[in-house]
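Trainee: Good morning. Could we go through this structure together, a few residues at a time?

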Amino acid sequence: MSGRRWLFADQLGPHFLDDPGQPALLVESRAAFARRPVHRRRAHLVLSALRHRAAELGDQALFIQTGTYEQARAEAGGDLTVCAPTTWAARRLVARLPGVTVLPARGFGTGEEEFAAWAGRRGKRRLLLEDFYRDARTRLDVLMDGAEPAGGRWNFDGDNREPPPSGGLTLPAPPAFEEDEIDRQVRRDLDAWQRSGDVRLTGEDGPREFPVTRAEALTALRAFVRDRLPGFGPQQDAMLAGDPVLAHSLLSPALNHGLLDPVECAHAAEDAYRAGHAPLASVEGFVRQLIGWRDYVWNLYWHFGDEYRDRNALRARHPVPRWFAELEAESVTARCLSDALAQVRAHGYAHHIIRLMVLGNYALQRGWDPREVTEWFHANFVDGYDWVMVPNVIGMSQHADGGLMATKPYVGGGAYINRMSDYCADCAYRPTVRLGEQACPFTAGYWAFLDRHSARFAGNARMARPVRNLERLADRGQVVAQEKERGSDPP
Ligand code: SF4
């Protein structure tokens with residue numbers, strides 16, 4: 001039998017043990033929560049998942065609730081093995097602790113060695129997601145008919161950008177999870193830690209909405225494949241006030257706690273396609289998110305190095321304002337942004353387009369410090385882990401890496417939000433107006449952003465046209481002055 005396996009809170013599925021009876025070590029470190037503010041729902045989920053796993057393993061696990069990981073390691077004694085942890089800091093920690101053997105990471109479709117081999121074959125060419133994804137599909141044999149992609153196409157993105165249907169989607173609610181005594185104790189502990197000042201919690205409490213055990217995670221996966229996967233594709237970029245979920249899977253917290261393996265989820269989706277239960281465009285869109293985007297981001301986190309988090313190519317130096325940091329949705333008039341902040345406050349969740357084109361877009365337009373923005377996303381989302389947020393925010397959302405990850409910044413005006421959502425009809429602002437009382441802060445912010453960075457983007461093939469449009473704006477100076485005056489006030 002293998003030695004004792006140290007399981008971090010994002011390594012809780014059965015695939016992190018070599019055999020079902022392997023002795024385990026689980027550590028609940030209060031110090032890990034004291035470093036930065038954290039959304040109450042995220043803290044609840046982490047603690048509940050860890051404690052549920054400890055209860056499941058019973059005598060097989062040594063469960064140490066203590067101040068720091070160093071104290072826990074000393075208390076555990078003996079030799080330990082650990083699957084490579086998911087952050088730079090945790091890898092440094094396990095490397096310096098005595099008697100800990102570090103194994104390759106698990107929980108991803110493409111490991112670091114496979115990614116390095118793929119990147120090596122690319123030579124000096126860009127590490128494009130599309131190329132990585134096709135390589136992964138082939139290597140993992142997902143949605144393949146022999147050497148060809150199922151249905152003869154790799155990419156259904158073009159079919160998957162529809163606006164929300166009028167009247168919304170009529171889908172069954174995602175499964176609810178019953179809380180137990182472990183959840184109730186977590187709630188009591190968080191209350192006590194908050195009162196004592198040991199942790200600083202953001203957001204609102206409420207019934208637990210995401211899985212904390214393998215059994216719950218499998219229930220969530222089956223419910224998604226049955227109820228939402230068939231409609232996942234076409235409206236995956238749509239936003240609807242009053243429906244934060246649409247056809248999204250809500251599986252990222254379970255995946256990021258290691259309760260589900262991405263390849264098993266991809267196979268479950270493929271089985272639904274092969275059985276005629278879900279259309280290929282939806283299944284391909286979901287598979288792309290898992291063994292494409294998720295694994296790509298995971299590997300870029302390591303590939304770019306620990307200093308990547310400090311990139312600030314656009315020299316964005318403004319601090320994240322208090323109303324945003326504190327999720328004060330009521331102080332915001334802009335309906336899309338107010339709704340997004342309220343969703344995050346209530347659920348610790350918003351789907352990827354709300355993150356990218358509302359929350360991240362607003363921060364990018366205003367020149368907020370990308371490292372602070374990264375920490376805000378990390379703290380306030382139930383699926384927030386360092387490896388997820390650093391590339392997604394620094395590279396994808398804030399363009400702080402100067403284009404290593406995305407060839408153009410994800411900045412957009414009110415026209416995009418109006419096309420992809422139902423927010424604008426009831427907003428005090430008008431998406432087409434850039435100046436005056438009714439000026440949409442996203443539209444005005446878009447032009448002000450371009451004005452600030454026109455020299456940088458004039459030579460970018462994908463941005464040259466917007467920059468030329470900017471030069472034709474008769475009221476360019478007034479729009480820029482208006483945005484300067486708005487400053488860090490809530491829009
Ligand atoms: Fe958002 Fe502008 Fe639309 Fe209002 S008008 S909801 S601020 S995009």
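Trainee: Let us start with R214. How accessible is R214, and how is it classed?
Mentor: The model is a predicted one. R214 has 22% relative accessibility, and it therefore counts as partly exposed.

Trainee: With which residue does R214 form a salt bridge?
Mentor: The partner is E264, and the closest N and O atoms are 2.7 Å apart. This pair links distant parts of the chain, as R214 is in helix α8 and E264 is in helix α11 (residues 262-274), 50 residues apart. E264 is also partly exposed, because its relative accessible area is 24%.

Trainee: How many salt bridges are found in the whole structure?
Mentor: A search of the whole structure gives 42. One of them joins the side chains of D310 and R371, at 2.4 Å from N to O. D310 is in the loop between α12 and α13 (322-325), whereas R371 is in helix α16, and the two are 61 residues apart.

Trainee: Is R371 buried or partly exposed?
Mentor: R371 has 33% relative accessibility, so it counts as partly exposed.

Trainee: Which residue caps the N-terminal end of α16?
Mentor: D369 does, with a side-chain oxygen 2.8 Å from the backbone nitrogen of R371.

Trainee: What about E483 and R366? Where do they lie?
Mentor: E483 and R366 form a salt bridge, with the closest N and O atoms 2.6 Å apart. E483 lies in helix α21 (residues 476-486) and R366 in helix α15 (residues 352-366), so the pair ties together parts that are 117 residues apart in sequence. Both E483 and R366 are buried.

Trainee: Changing topic: which charged residue is buried yet has no salt bridge?
Mentor: D10 is such a residue, and the nearest side chain of opposite charge, R42, is 7.8 Å away. D10 is located in the loop between β1 (4-7) and β2 (24-29). The side chain of D10 does have a polar contact of 2.6 Å with the side chain of T86. Beyond its sequence neighbours up to four places away, D10 touches residues including F16, N256 and Y385.

Trainee: Now E284, please. Why is it classed as buried?
Mentor: E284 has a relative accessible area of 0%, and buried means under 20%. E284 is found in helix α12 (residues 280-304). Its side chain makes a polar contact of 2.5 Å with the side chain of Y133. R137 is one of the residues that E284 touches.

Trainee: Then where is R137?
Mentor: R137 is in helix α6 (residues 129-140). R137 counts as buried because its relative accessibility is 1%. The side chain of R137 reaches the backbone oxygen of V142 at 3.0 Å.

Trainee: One last topic: which residues are around the ligand?
Mentor: They include A334, C336, Y423, C424 and R430. The shell around the ligand divides into 10 nonpolar residues, 1 polar and 1 charged.

Trainee: How far apart are R137 and Y423?
Mentor: The two are 286 residues apart in sequence and 37 Å apart in space, C-alpha to C-alpha.

Key:
Residues numbered from 1 in each chain as written. Predicted model: local features only at pLDDT ≥ 70, side-chain atom pairs only at ≥ 80, totals over all residues. Heavy atoms only, no water. Helix = DSSP H or I, 4+ residues; strand = E, 2+ residues; numbered from the N terminus. Buried < 20%, exposed > 50% of the residue type's maximum accessible area, 1.4 Å probe, protein only. Polar contact = N/O pair within 3.5 Å; in protein donor to acceptor, adjacent residues only side chain to side chain. Lys, Arg positive; Asp, Glu negative; His and termini not counted. Salt bridge = Lys/Arg side-chain N within 4 Å of Asp/Glu carboxyl O. Contact = heavy atoms within 4.5 Å. Near = heavy atom within 4 Å. Nonpolar A, V, L, I, M, F, W, Y, C, P; charged D, E, K, R; others polar.
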